Amino acid sequence: MNLYIFIAHDDEKNLAKAYNKCMDLLSDDDWAVFLDRDVLLVQQDWYDIIKSSIKNNPDYGFFVSMMNRVGNRVHIPADIDPNNHDIKYHVEVGKKLSQTNNGVQRWTYSGLLSGVVMIVKKSVWKKIGEANENRRMLAVDNDLHRGCNREGIKVGLITGLYVYHWYRADGTNVAI
């Protein structure tokens, strides 16, 4: 298994097109980790957490992470302050989560997940069909999640993987 990391950005503002280009580079058994460009990886062992989650859950084809701020609260650990922007604080949150919650929880919530961090196997991407380049930018994660549900592919929340998500941290609606 190979694991490739991609930062989700495209000068054309077409995230689906950028994802499709990245996935074209991979073999069926490879995995892609898509990170939004306003994500900070606060855990030193983030790569190992992802690899062990994939290895220990071979029946899953798609994973997401925990984070400090996003619309779907399922991604946000209980008892954290999402408005605290002290990175040391978030490093400690990540450290605690990786020590106490190092498993995968099946995504069974009725709401759609957030694609701030998406980890997907190439064969799953092919089965679902590549991202629709005519859809708006923020729909790619929703389309992927719906495709997994449609095809019976297990989706997992890696409860020990935590990232700091800058999104609206400065009070604006503009991601950096």
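Accessible areas here come from the Shrake-Rupley method with a 1.4 Å probe. On that basis, this predicted model has a chain surface of about 9100 Å², and carbon and sulfur atoms supply 47% of that.

**Whole chain**
- You're looking at 176 residues, with 49% of them counting as buried.
- Five helices and seven strands make up the secondary structure.
- Walk along the sequence and the elements come in the order β-α-β-β-α-β-α-β-β-α-α-β.
- Take the contacts with a separation of 6 or more: 79% of them link residues 24 or more positions apart.

**Helix α1**
- Helix α1 spans residues 15-24 and is mostly covered, with seven of its 10 residues buried.
- The buried set in α1 is Leu15, Ala16, Ala18, Tyr19, Asn20, Cys22 and Met23.

**Serine 98**
- Serine 98 sits in helix α3, which runs over residues 87-100.
- Its relative accessible area is 17%, and the cut-off for buried is under 20%, so serine 98 counts as buried.
- A polar atom of the serine 98 side chain lies 3.0 Å from the backbone oxygen of lysine 95.
- Leaving aside residues up to four places away in sequence, serine 98 touches Gln43, Asp45, Ile49 and Gly160.

Definitions and conventions. Residues are numbered from 1 along each chain as its sequence is written. This is a predicted model: local features need pLDDT of at least 70, side-chain atom pairs count only at pLDDT 80 or more; totals for chains, interfaces and linings use all residues. Side-chain values use heavy atoms; hydrogens and water are left out. Helices (H or I, at least four residues) and strands (E, at least two) are DSSP runs, numbered from the N terminus. Buried means under 20% relative accessible area, exposed over 50%, partly exposed in between (1.4 Å probe, protein chains only). A polar contact is a pair of N or O atoms within 3.5 Å; within protein, one must be able to donate a hydrogen and the other to accept it, and residues adjacent in sequence count only if both atoms are side-chain atoms. Contact means heavy atoms within 4.5 Å.
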